[in-house]
Amino acid sequence: MNKMAIKLFNKVVLTTLLCCSAISYAAQKPNFIIILTDDQGYADVGFNGSDDIITPNIDRIANEGTKFTNGYVTYAVCGPSRAGLLTGRYQGRFGFGYNPIIDPTDKMSGLPLEEQMVSEVLKPIGYTSSIIGKWHMGTHERFHPNKRGFEHFYGFLSGGHNYFPEDLIYQNITEAKKSSKGAGWYNTKLLENNQRVETDEYLTDELSNEAVKFIEREHDNPFFLYLSYNAPHTPLQASKEYLDRNTHIKDKKRRTYAAMVTAVDDGVGRVLAKLKELGIDENTMVFFLSDNGGSSKNASNNAPLRGSKGDYFEGGIHVPFAVRWPGTVPAGVDYHNPVSSLDILGTFAGITNAPIAKERPLDGVNLMPFITGQNKGIPHQVLFWRNFGQGTLAIRRGDSKAINSNKKGQHLFDLTTDLSEKNNLLKSNREQFEQHVREMKSWETELIDPIFRSLMSQKNKTNKKKNNKVKH
Ligand code: CA
């Protein structure tokens with residue numbers, strides 16, 4: 001062979017080898033399910049030791065799979081946390097710095113179209129996706145789930161919702177906002193894709209019904225289901241059936257909250273039973289987590305963690321988190337190294353070999369090698385948080401955690417000995433704190449300022465007033 005022929009031969013052989021190894025790796029296309037709860041406390045699942053709220057089905061995800069004892073989300077409230085989860089990237093990279101405004105005329109408040117969501121990553125490799133429940137990624141039509149890789153959407157576009165069907169009265173957000181009754185967008189009828197639907201069930205049950213139907217419809221092909229419950233976010237509203245199963249809890253608020261979690265737990269049970277019934281149990285990976293810590297308004301419990309929703313103490317960002325995939329993900333194992341909601345997309349992409357846009361690299365990693373023990377290293381040397389409006393930066397490097405905040409002060413903790421963040425080491429170790437600050441500030445240079453104004457700036461006092469009441 002002459003030199004040219006040898007070059008060509010090498011190229012063909014190399015390409016074939018690369019191609020075949022990629023094909024054998026990409027052959028795995030399990031179904032993916034993310035079950036996300038809203039404002040659920042760290043301690044409010046059986047698998048984290050809850051002794052009053054009983055969650056046998058959610059616990060199956062941890063007990064028959066791997067429980068993350070240091071599982072984090074990327075923000076301490078709903079919207080930005082979900083933007084991080086759905087893109088696998090720190091949401092500050094694309095200016096998702098607040099809960100988006102609920103306004104169908106606002107073209108900016110939502111997840112920028114250039115960013116790839118899980119559904120958009122999985123679509124080109126043959127997945128069918130559904131989002132059931134809370135969207136919160138923008139209410140303008142350009143942000144609609146059907147335009148973001150989700151073939152199916154059943155739920156509501158805004159950030160919270162009423163639970164009883166008789167309260168869902170408006171055709172759309174504009175009508176809700178104009179209404180003299182002032183009940184607001186929590187009271188819109190649900191949407192199936194672009195159609196308003198009439199419902200007659202308690203909202204959490206309604207969402208669970210749709211999840212089971214979607215799995216039934218799509219089980220022959222790879223699917224991704226994002227089951228995004230708004231429970232147990234306020235308003236605290238539970239049906240009698242679920243309240244009756246929580247009579248052991250005397251405090252009325254806590255009992256109502258517990259009943260809302262019971263409804264989610266039943267839904268999780270129905271989803272897992274459906275996977276078993278259809279014979280796809282061992283071909284389906286299910287993640288469970290909460291979008292942020294328990295809120296001080298919904299009677300949740302984050303013990304032993306300090307703080308709650310909105311805080312960068314552990315109680316705001318360290319959440320119940322587990323993954324189940326029978327036969328593949330180790331069962332009954334606790335994984336202790338810090339992991340992030342960012343890793344969910346990293347894991348899906350790693351398993352399927354789905355392409356990720358080079359100009360938007362993921363911050364998350366594939367957790368599979370770590371949880372199977374193939375990789376003895378740690379998934380993240382460091383995790384960061386920023387709340388732009390609050391002027392807060394936070395970091396966890398190893399077991400050392402620092403918070404540097406205009407509003408909440410300066411803190412340094414050693415989480416190995418002080419998970420409850422009671423002992424501020426700032427004075428005794430200012431040098432380490434300053435090192436963390438330098439690292440946080442360096443990371444912050446990679447972020448941009450928020451590209452839309454916050455939901456908090458959108459006055460909706462009536463809405464709040466109406467919806468914070470406990471209702472049975
Ligand atoms: Ca939330």
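**The calcium site and helix α12**

Guide: The protein donors of the calcium ion are Asp38 (OD), Asp39 (OD), Cys78 (SG), Asp291 (OD), Asp291 (OD) and Asn292 (OD1), at 2.3 to 2.6 Å from the ion. Donors are N, O and S atoms within 2.8 Å of the metal, or 3.2 Å for Na, K and Ca; water is not among the atoms, so sites may look incomplete. The model is predicted: local features need pLDDT of at least 70 and side-chain atom pairs pLDDT 80 or more, while totals for chains, interfaces and linings use all residues. Residues are numbered from 1 along each chain as its sequence is written, and side-chain values use heavy atoms, without hydrogens and water.

Along the chain the donors follow the spacing D-D-x38-C-x212-D-N. Aspartate 39 lies in the loop between β1 (31-37) and α2 (56-63), and aspartate 291 in the loop between β9 (284-290) and α9 (314-317), so the pair ties together parts 252 residues apart in sequence. Helices (H or I, at least four residues) and strands (E, at least two) are DSSP runs, numbered from the N terminus. Both aspartate 39 and aspartate 291 are buried, meaning under 20% relative accessible area; exposed is over 50%, and partly exposed in between (1.4 Å probe, protein chains only).

Turning to helix α12, Phe433, His436, Val437, Met440 and Trp443 are buried. Seen down the axis, the buried residues of α12 fall within an arc of 125°, so they line one face; the arc is that of the directions from the helix axis to the C-beta atoms. These buried residues pack against β13 (382-387), β14 (392-397), β15 (400-405) and β16 (409-414), contact meaning heavy atoms within 4.5 Å. On the other side of α12, Glu431 and Arg438 are exposed.
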